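Open the model in your viewer and keep the selection panel at hand. The tour goes from one chain to the other and ends where they meet.

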Amino acid sequence: MASTKLPKFRVQQIPPVRHVVDMRRHFPGFAYHKAQGGVSVWSGTLQPSDGSPQYVVEAQLAGHGRPRVFVRRPALVGGVRHRYADGSLCLYYPDDGTWHRGRPLSELVALAAEWLWFYEAWLLTGRWLGPEAPHGIGKG
Amino acid sequence: MHALPEYFEKLLSSIEPSEERVIAAQDAHGLVRKHLQACDVLPTVAPHTCLAGSYDRHTAINDIKDVDVLVRVPDGYESNTPAEVLQLLKSSLRKLDGVTEVELREQRRSVHMTLAQYDFHLDIVPVVAANGVDCALKVPDKPHQQWVTSNPIGYAAMLTDLNQSHGEKVVPLIKMMKQWRDTHMRQRSSKPKSYWLECMLYGLVNDGRITTDGKGWGVLFRDALSAMRDRCGHAYEKTESVPSIEDPATNKIVTAKWERAHFETFMERLDEALGWSDRAIEAEEPDDAIMLWRKVFGDQFPAEEQKAETIAEAIRAGAIAVGPTGRVSVGTSSSGSQVQPPPTRFYGDG
């Protein structure tokens with residue numbers, strides 16, 4: 001895991017059609033559609049463990065902005081860590097280069113499943129047990 | 001059905017002997033080996049001593065208390081009576097350098113040594129190994145006043161082969177079976193010996209009566225109980241008999257001394273565990289499955305909160321995979337449809 005700030009560099013973006021193929025292989029329950037403004041949207045359900053609810057999740061890729069992953073249902077409990085102001089999940093520290101447009105979307109969705117797993121563990125234990133970037137090193 | 005793989009991995013991890021006891025076992029063996037090599041009361045030949053038993057086969061669980069040590073005496077030594085050789089071995093072990101409290105007791109085939117300062121027991125067995133220690137050996141049998149064939153190192157090699165050809169599932173299965181036995185049959189004198197269970201499981205896997213392909217730990221354990229039930233059922237129905245379980249390396253019956261009353265207790269506990277395991281596998285709610293598996297394996301089967309810590313550790317170590325439904329499981333991806341998420345650090349206060 002990267003712990004120091006990585007130099008920024010341009011990556012070869014994966015075209016949406018390859019994300020569609022990748023998602024069909026790894027998360028066949030997810031559906032793809034093109035939303036207003038040319039935003040590519042994949043939506044489907046994730047169930048991180050046997051006893052979990054089926055979370056309705058939406059992953060959005062728009063232009064060159066960061067990807068956004070939302071949990072649409074059931075509503076997440078207030079006060080949970082690691083979300084952006086718009087409610088999307090903060091799945092990695094941006095400067096770590098954990099995920100970028102050159103990587104398959106299925107990895108981002110897998111990170112969302114991991115996030116949900118830690119969310120459920122947080123509900124159970126009251127502690128966020130997942131790996132965290134120290135706060136104060138940037139803006140999440 | 002809830003396979004609960006993380007729970008079983010945690011169970012297997014928690015019944016592993018502690019590093020401290022493993023080191024104590026190595027120290028105790030090293031001490032005896034060095035002493036016997038230097039001692040001229042009982043001559044020994046290379047490799048002088050070697051470890052045998054469950055510790056050597058990696059089937060030991062929890063607190064290792066006993067270690068079997070083979071002492072190789074020269075070829076032709078079987079012309080001495082078992083009693084003479086065991087007496088010589090006992091004499092040669094009387095003074096161990098740096099050990100203050102040694103208690104020695106002659107047994108049928110070995111000298112039992114208690115090392116109080118190590119909290120350890122060693123069964124030290126003299127062997128004649130005409131073809132090397134990994135082949136059939138001759139060991140003394142004092143009550144019968146003869147040397148008999150044994151092949152502990154050969155059996156260990158056979159078990160290693162069987163384990164490897166079954167996806168490394170046989171040794172963990174043996175450990176789970178021992179954990180169940182220790183949970184429900186606490187009296188040392190009445191519970192079936194570990195070696196009997198090992199030989200029975202070895203035979204059932206080797207004969208194909210227990211299959212391992214594609215099975216999770218819970219189903220594998222239940223199927224093993226069921227196969228053991230079938231294996232012993234015939235003897236159980238008769239009023240006087242016990243099952244004849246063979247040592248896979250020598251084809252000798254190892255269960256001849258199993259007392260009928262103890263065997264009946266074993267079968268009663270086995271039926272009980274089979275019922276719980278069936279219900280655990282069929283349970284609709286994971287909590288019900290966990291509660292039933294805890295009945296089978298005791299408190300070492302993790303509860304819900306322990307599970308969270310267990311998976312969190314695996315995730316932090318990057319050892320998880322996400323399946324097509326989003327299920328997060330411990331272990332690296334073995335199927336093309338699973339995804340291993342990249343190592344990450346979550347960020348942001350929300």
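Two residues count as in contact when their C-beta atoms, placed from the backbone, lie within 7 Å. With that in mind, note that this is a predicted model, and select helix 2 of chain A, residues 105-125. Helix 2 lies across strand 2 (39-46), strand 3 and strand 4 of chain A. Against strand 3 of chain A, the helix runs at about 140°.

**The sheet of chain A**

Now show the strands under that selection. How many strands form the open sheet of chain A, and in what order? There are four, in the order 1-2-3-4, with antiparallel pairing. Select strand 1 (31-35) and strand 4 (68-73) of chain A: these are the edges. Each has a single partner strand, so one side of each is left without a neighbour in the sheet. On average, neighbouring strands of this sheet are turned by 25° against each other, direction ignored.

Next, zoom in on strand 3 of chain A, residues 55-61. Five bridges join strand 3 to strand 4 of chain A, and the two run antiparallel. Pick Val57(A) and look across to strand 4 of chain A: Val71(A) stands opposite. When following side chains along a strand, remember that in a regular strand they alternate between the two faces of the sheet.

**A hairpin in chain B**

Move to chain B and select strand 6, residues 137-141. Is strand 6 of chain B mostly covered or mostly open? Mostly covered: four of its five residues are buried. Click Asp141(B); its bridge partner in strand 7 of chain B is Gln146(B). The hairpin has four residues between the strands. Stop at Gln145(B), which takes a positive phi near 50°.

**Confidence**

Colour chain B by pLDDT. Its average is 89, and 95% of the residues score at least 70. Helix 7 of chain B (residues 194-206) has the highest confidence in the chain, at 97. Helix 11 of chain B (residues 304-316) has the lowest, at a mean of 71. Where pLDDT is low, the predicted coordinates should not be read in detail.

**Where the chains meet**

Finally, select the contacts between chains. Here 28 residues of chain B are in contact with 43 residues of chain A. Which element gives the most to the side of chain B that touches chain A? Helix 11 of chain B does, with eight residues. That side of chain B divides into 14 nonpolar, seven polar and seven charged residues. For the complex, the predictor gives an ipTM of 0.84 and a pTM of 0.66.

Methods
Residues numbered from 1 in each chain as written. Chains lettered and ligands numbered in written order. Predicted model: local features only at pLDDT ≥ 70, side-chain atom pairs only at ≥ 80, totals over all residues. Pairing = 2+ DSSP bridges. Axes fitted to C-alpha atoms, helices over the stretch in contact; angles between N-to-C directions. Buried ≥ 20, exposed ≤ 12 C-beta atoms within 10 Å, placed from the backbone. pLDDT = per-residue confidence, 0-100. Nonpolar A, V, L, I, M, F, W, Y, C, P; charged D, E, K, R; others polar.
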